[in-house]
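Trainee: Could we go through this model together, one question at a time? I would like to see how each answer is reached.

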Amino acid sequence: MNSLKHILAACLLFTYQEMANAESFEVVAIEYPPFTTITEQAGGIAFELLENREAGNNLALKPLFLPPARAARYLRENEWCSTFYPPPENDDFIKYQLSEKNVHVGLLRLKQTDDFTWTSLSQLKGQSAAILRTSVDSEFTQRFTDAGIEVTFAESPQAIIIMVLLSRVDFGLADSWSFERLESESKAKLQFSKTSLVELPVTLYVHNRCVDRINIDA
């Protein structure tokens with residue numbers, strides 16, 4: 001019996017030491033299920049992909065979830081290390097691709113019979129679109145305003161979906177993975193654009209000051 005206690009104590013001590021020795025690695029994220037979400041223990045698909053790539057590297061991921069506008073400001077004003085939320089373009093960072101397949105970022109609208117496509121955003125001039133809240137002068141926001149689209153900011157992807165369903169806006173920013181995972185009742189009422197605003201893999205941005213702390217091929 002005493003031997004068993006000694007074995008258990010040794011195992012617990014080893015586990016504690018491993019946790020203590022693990023290096024904390026902050027990752028900025030916004031609530032964007034299923035990719036990054038505080039409602040799941042793993043943190044969402046993006047954090048699971050990162051955990052798998054970093055397995056055995058003794059790195060303790062430390063998610064920092066912030067609203068979109070605060071995340072953008074945090075990345076501008078602080079010495080951040082890594083982020084799933086796109087950082088300022090003039091920062092020194094490296095992009096790490098975590099997924100094999102691209103995520104298609106496009107627009108949602110209430111379902112119609114014709115295909116939802118465009119060759120230029122200016123074809124949607126005079127209509128309104130809900131996008132995630134960010135800085136008003138961001139390049140992504142500017143694409144919409146330059147095209148004559150009225151921009152409304154939302155705090156989450158779920159809020160965007162509700163705004164479209166309630167006809168508060170004509171379009172809403174969305175991605176292909178999240179649309180496929182929508183509950184059936186809402187999905188049946190919505191239409192995802194065949195045209196993409198951007199296509200990209202699940203990406204982790206790591207500042208140059210921290211690249212030596214991770215074990216991922218860019």
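Trainee: What percentage of the 218 residues of the protein count as buried?
Mentor: This is a predicted model, in which local features need pLDDT of at least 70 and side-chain atom pairs count only at pLDDT 80 or more, while totals for chains, interfaces and linings use all residues. Residues are numbered from 1 along each chain as its sequence is written, and side-chain values use heavy atoms, with hydrogens and water left out. Buried means under 20% relative accessible area, exposed means over 50%, and partly exposed lies in between, using a 1.4 Å probe and protein chains only. Of the 218 residues, the share that counts as buried is 42%.

Trainee: Is Glu31 buried, exposed or partly exposed?
Mentor: Glu31 lies in the loop between strand 1 (23–29) and helix 2 (45–53), where helices (H or I, at least four residues) and strands (E, at least two) are DSSP runs numbered from the N terminus. Because its relative accessibility is 23%, Glu31 counts as partly exposed.

Trainee: With which side chain does the side chain of Glu31 make a polar contact?
Mentor: A polar contact is a pair of N or O atoms within 3.5 Å; within protein, one must be able to donate a hydrogen and the other to accept it, and residues adjacent in sequence count only if both atoms are side-chain atoms. The Glu31 side chain reaches the backbone nitrogen of Ile38 at 2.9 Å. Its polar contact with a side chain, at 2.5 Å, is with Thr37.

Trainee: How far apart in space are Glu31 and Pro157, C-alpha to C-alpha?
Mentor: Pro157 is among the residues that Glu31 touches, contact meaning heavy atoms within 4.5 Å. Although 126 residues separate the two in sequence, their C-alpha to C-alpha distance is 8.2 Å.

Technical notes:
Lists of a residue's contacts leave out its neighbours within four places in sequence.
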